[in-house]
Amino acid sequence: MAEDSDLEKTEQATAQRLEKAREDGDVPRSRELATFTGLMAAGTGLWMSGGNLVSELKAMLVSGMSFTRDQVFDMNLIYTQIGANLMKLLVAFAPLAGLLILVALLSPALIGGWLFSNKALVPNFGRMNPIKGLSNMVSTHALVELVKAVAKATLVGVVAWMVMLHEKEAVMALGNESVQASTAHVGQLLWYAFISMTSALGLIVAIDAPYQMYHYAEKLKMTREEVRQEAKEADGNPQVKAKIRQQQREMARRRMMSEVPTADVVVTNPTHYAVALRYVDGGSSAPIVVAKGADEVAAKIREIAAANNIPTLEAPPLARALYQHTDLGEEIPQALYTAVAEILAYVFQLRSYRVRGGVAPTMPKDIDVPAELDPLNPAAAKPLLDGMPL
């Protein structure tokens with residue numbers, strides 16, 4: 001059952017999925033909204049500039065039907081007159097055309113926003129698949145589009161029929177009016193019919209626009225497995241990240257091991273821990289930890305130390321304290337200065353003995369380490385226990 005739920009598209013599309021869809025040219029669109037805004041813009045433009053357009057058309061008609069004697073014998077003059085009339089007509093229609101272009105550019109921003117995608121221009125031969133075409137024809141979305149088209153035609157037709165019934169007497173009375181009066185009256189009737197039918201189309205838009213948003217969201221829904229896979233791709237595959245961390249640890253370990261030959265002494269547990277210390281007179285105020293490790297790493301540190309004649313000294317409490325409370329490249333804690341100084345004194349005496357001879361130094365034993373720094377000492381765990389709820 002859990003596997004079946006993972007395969008069901010129940011999750012909303014992620015931001016990455018939505019961005020990929022936009023890159024592919026897939027955004028929500030409502031053709032009814034584009035048609036509605038275009039019609040409203042055209043009607044508004046005609047209402048605002050209709051008088052000027054009628055005047056220009058009338059002047060063009062009069063000019064086109066008038067000829068001078070020179071134009072009869074010179075066709076170039078006729079062509080010039082026609083060109084001038086067409087230019088005046090283009091200038092008269094320019095505001096309306098500009099308004100329609102502006103609305104055509106702005107209407108997509110209402111749903112889905114502007115989109116410029118080159119992928120949408122690439123031929124997709126998968127759309128020519130007849131089986132996929134048949135499945136689209138019998139899909140729920142196709143049924144909704146069919147119902148919408150029928151409802152749109154029915155609604156607009158009903159509104160047009162109601163307008164005709166309401167204005168039937170006005171239409172029949174046009175024959176008794178003068179040409180100018182009837183022309184103006186016809187314009188008013190057409191404008192009334194246009195506004196009524198466009199408003200009816202607005203009702204379709206009010207339903208279609210939210211549906212297109214809903215359909216788009218449903219189409220891009222993802223399964224839980226897809227969400228998990230996308231998260232893995234975004235954050236990186238855990239196995240790959242673990243492999244990278246392992247390689248980083250290996251590189252850090254190799255760098256650490258290369259520092260062991262520069263150490264002055266290696267303090268051991270004797271088998272579980274090993275910490276390599278280096279002290280440069282005048283270079284630092286306290287010894288620095290150049291390498292540390294446990295178990296196999298500790299054994300490798302001891303091996304490298306032996307190969308490079310680095311003194312190794314067994315001091316279990318100190319080794320545990322250094323391993324627990326220091327990091328690579330850092331100076332030892334001030335509380336361990338005395339203990340480490342005792343060891344370094346022995347190391348320097350041992351170097352002098354090897355070079356000059358004399359009395360061999362005595363290896364220090366029972367090095368005193370503050371109890372709160374030794375992980376195995378009960379006093380070190382007491383502050384932690386004091387802060388725990390009982």
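Okay, let's start with helix α13: its buried residues pack against β3, β4 and α14. Those buried residues are Leu 318, Ala 319, Arg 320, Ala 321 and Leu 322. Buried here is under 20% relative accessible area, exposed is over 50%, and partly exposed is in between, with a 1.4 Å probe and protein chains only. Contact is heavy atoms within 4.5 Å. Helices (H or I, at least four residues) and strands (E, at least two) are DSSP runs, numbered from the N terminus.

Quick housekeeping. This is a predicted model, where local features need pLDDT of at least 70 and side-chain atom pairs count only at pLDDT 80 or more, while totals for chains, interfaces and linings use all residues. Residues are numbered from 1 along each chain as its sequence is written, and side-chain values use heavy atoms, with hydrogens and water left out.

The overall picture: 15 helices and 6 strands, with buried residues making up 28% of the 390 residues. Take the contacts between residues at least 6 apart in sequence, and 73% of them join residues at least 24 apart.

Which residues have the most contacts inside the largest nonpolar core? They are Val 267, Leu 277, Leu 318, Leu 322, Leu 336, Val 340 and Ile 343, in a core of 24 residues. By nonpolar core I mean a set of buried Ala, Val, Leu, Ile, Met, Phe, Trp, Tyr and Cys residues joined through side-chain atoms within 4.5 Å. The elements giving two or more residues to this core are β3 (265–268), β4 (273–278), α13 (316–325) and α14 (337–356). The largest share, 7 residues, comes from α14. Apart from this core lies another, of 15 residues, including Ala 263, Ala 291, Ile 304 and Ile 310.

Not counting residues up to four places away in sequence, Leu 336 touches Leu 318, Ala 321, Leu 322, Val 369, Pro 370 and Leu 373.

Now over to a helix pair. How do α3 and α9 cross? The axes of α3 (residues 31–64) and α9 (residues 179–219) come within 9 Å and cross at roughly 155 degrees. So α3 is roughly antiparallel to α9. For the angle classes, under 35 degrees is roughly parallel, over 145 roughly antiparallel, 65 to 115 roughly perpendicular, and the rest oblique. Axes are lines fitted to C-alpha atoms, for helices over the stretch in contact, and angles run from 0 to 180 degrees between N-to-C directions.

Thr 198 sits in α9 and is buried, at a relative accessible area of 2%. Leaving aside neighbours within four places in sequence, Thr 198 is in contact with Phe 36, Leu 39 and Met 40.

Most residues other than glycine have a negative phi. Asp 295, not a glycine, has a positive phi of about 55 degrees. Asp 295 is in the loop between β5 (288–294) and α12 (296–307), and is partly exposed, with a relative accessible area of 48%. The other one to look at is Asn 309, whose phi is positive too, near 60 degrees. Asn 309 is in the loop between α12 and β6 (312–314). Is Asn 309 buried or exposed? Exposed, with a relative accessible area of 62%.
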